[in-house]
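Dear colleague,

Please find the structure below, handed over for your files. A summary of the findings follows it.

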Amino acid sequence: MAMNRTSHPDREAQPWKPWLRGLVLWYGVLGGVVAWAIHLVTAWGLVELVCGSGHTTVAGMSLRAVVVTATVLPAAIALGALAAAWWASSRDLGGRAVWKTDRIRFTAQLGLWLDGLSAALILFGGGAVATFQPCVT
C-alpha cells in the first residue's frame with residue numbers, strides 16, 4: 001500500500017493541527033523553566049517579603065500554606081511540561097524531512113532535560129521550605 005501525505009498513520013492517529021503540536025512542543029521545552037521561575041519568585045520572594053515585614057500570614061493564610069501552594073502548582077506545571085516533552089520526543093515523525101525531524105527531536109529532548117531539572121529544583125526547594133521554619137530570625 002502506497003502512503004501519500006494524507007494517509008500517513010501518524011496524521012490519522014493524531015488529528016491535531018500543526019500549530020497545536022508546535023504549542024505542545026514549546027510548552028514541553030519552556031514550561032518547566034517558567035514554572036521554576038514562578039516558584040522561585042513566589043515561594044522564596046514571598047517568604048523574604050512577609051518575614052521582613054514581621055508578619056507570618058498572607059491574606060489570612062499561614063505563610064507555610066501559601067508557600068506549599070506556590071510549590072505544588074509550579075511542580076504540577078513542570079511535570080506537565082515534562083510529559084509534553086516526552087510525548088513530543090516519542091511520537092512518530094515519519095513523512096518529514098530529516099532536518100525537520102532532527103530539529104523536533106533535539107528540541108523535545110532538550111525539553112526533557114530542562115523540565116526534569118526544573119521539577120527537581122522546585123521539589124527540592126519545596127522540601128527546604130517544608131523542613132525549615134519560614135520566619136526564623
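The chain has 4 helices and 2 strands, where helices (H or I, at least four residues) and strands (E, at least two) are DSSP runs numbered from the N terminus. Along the sequence their order is α-α-β-β-α-α. This is a predicted model, in which local features need pLDDT of at least 70 and side-chain atom pairs count only at pLDDT 80 or more, while totals for chains, interfaces and linings use all residues. Residues are numbered from 1 along each chain as its sequence is written, and side-chain values use heavy atoms, with hydrogens and water left out.

Of the 137 residues, 31% count as buried (under 20% relative accessible area; exposed is over 50% and partly exposed in between, with a 1.4 Å probe and protein chains only). Among contacts (heavy atoms within 4.5 Å) with a separation of 6 or more, 73% join residues 24 or more positions apart.

Two positions in helix α2 may be of interest. Histidine 39 lies in this helix, which spans residues 18-52, and is buried, with a relative accessible area of 1%. Its side chain reaches the backbone oxygen of alanine 70 at 3.1 Å. Not counting residues up to four places away in sequence, histidine 39 touches Trp44, Ala70, Thr71, Pro74, Ile122, Gly125 and Gly126.

Valine 34 is also found in helix α2. At 45% relative accessibility, valine 34 is partly exposed.

Key:
Polar contact = N/O pair within 3.5 Å; in protein donor to acceptor, adjacent residues only side chain to side chain.
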